[in-house]
Amino acid sequence: MLGHFGVGKTSLVRRYVDAAFDEDYLVTLGVQVKKKDVTVDDQNVSLIIWDVEGNRSVSQTRQSYLVGSSAFVYVIDLSRPETFEFLNDNLEFITSNYPDVPIQVFGNKVDLIDDDNLDEYLEKNKLTSALVTSAKNGQNVALGFENLAIQLL
């Protein structure tokens with residue numbers, strides 16, 4: 001789990017692994033690791049999810065957190081444009097350094113965006129490939145992680 005601080009990485013992990021949400025913001029220092037066992041296409045998959053402290057640039061992330069990753073979730077906060085200002089640069093860094101590792105972009109906090117203008121908002125900000133999620137209400141959270149598990153199989 002990568003992305004700017006405060007985008008909801010920890011909340012997404014808590015929603016997915018623990019089926020819980022907390023309004024309180026807790027800064028992640030270093031990395032927190034959680035595990036969830038899922039069944040995808042009749043196969044058991046153990047997802048070990050590393051919730052990495054927020055950084056504006058992935059290149060500033062401690063490389064030991066990234067080496068050996070099977071997949072990346074890059075999280076942006078749809079309600080804070082500064083969190084996706086460097087999205088393309090960060091995705092380019094990941095694909096250049098980890099070319100065979102799948103990446104899923106989560107556009108989190110969709111619950112804070114006006115539904116009537118969501119498609120227009122995503123298109124205007126070149127975010128149409130992001131999976132819109134909400135850690136608060138659970139929208140698309142499980143779907144996003146399960147899509148990655150399918151890609152890993």
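## A surface loop and its nonpolar patch

In this predicted model, V27 lies in the loop that connects α1 (9-18) with β2 (31-40). V27 has a relative accessibility of 53% and therefore counts as exposed, the cut-off being over 50%.

V27 also belongs to a nonpolar patch on the surface, together with F5, Y25 and L29. The accessible area of these four residues together is about 480 Å².

β2 and β3 form a hairpin with two residues between the strands. In this hairpin, D41 takes a positive phi near 50 degrees.

## The parallel sheet

A separate heading is given here to the open sheet, which is formed by four strands in the order β1-β4-β5-β6 with parallel pairing. β1 (2-3) and β6 (131-132) stand at the edges; each has a single partner strand, so one side of each is left without a neighbour in the sheet.

Between β4 and β5, the parallel pairing extends over six bridges. One of the residues involved is V75, whose bridge partner in β5 is F106.

## Q104 in strand β5

Strand β5 (residues 103-108) also contains Q104. The relative accessibility of Q104 is 12%, and because the limit for burial is under 20%, Q104 counts as buried.

Residues up to four places away in sequence aside, Q104 touches F72, V73 and Y74, as well as S129, L131 and L148.

In soluble globular proteins, nonpolar side chains tend to be buried together. In this model, the largest nonpolar core comprises 24 residues, of which L2, Y74, I76, L78 and L87 touch the most other members. At least two residues of this core come from each of α2 (63-66), β4 (72-77), α3 (87-97) and α4 (118-124). Another core, of 20 residues, lies apart from it and includes V7, I49, F145 and L148.

The contacts of L2 can be listed in more detail. When neighbours within four places in sequence are left aside, L2 is in contact with K9, V52, V58, T61, L66 and I94, and also with F72, V73, Y74 and V75.

Terms used: Residues are numbered from 1 along each chain as its sequence is written. This is a predicted model: local features need pLDDT of at least 70, side-chain atom pairs count only at pLDDT 80 or more; totals for chains, interfaces and linings use all residues. Side-chain values use heavy atoms; hydrogens and water are left out. Buried means under 20% relative accessible area, exposed over 50%, partly exposed in between (1.4 Å probe, protein chains only). Contact means heavy atoms within 4.5 Å. Patches are made of residues with over 30% relative accessible area and no salt bridge: like charges are joined within 9 Å, nonpolar side chains (Val, Leu, Ile, Met, Phe, Trp, Tyr) within 5 Å. Accessible areas come from the Shrake-Rupley method with a 1.4 Å probe; for residues, only the protein chains shown count as cover. A salt bridge is a side-chain nitrogen of Lys or Arg within 4 Å of a carboxyl oxygen of Asp or Glu. A nonpolar core is a set of buried Ala, Val, Leu, Ile, Met, Phe, Trp, Tyr and Cys residues joined through side-chain atoms within 4.5 Å. Two strands pair if DSSP finds at least two bridges between them.
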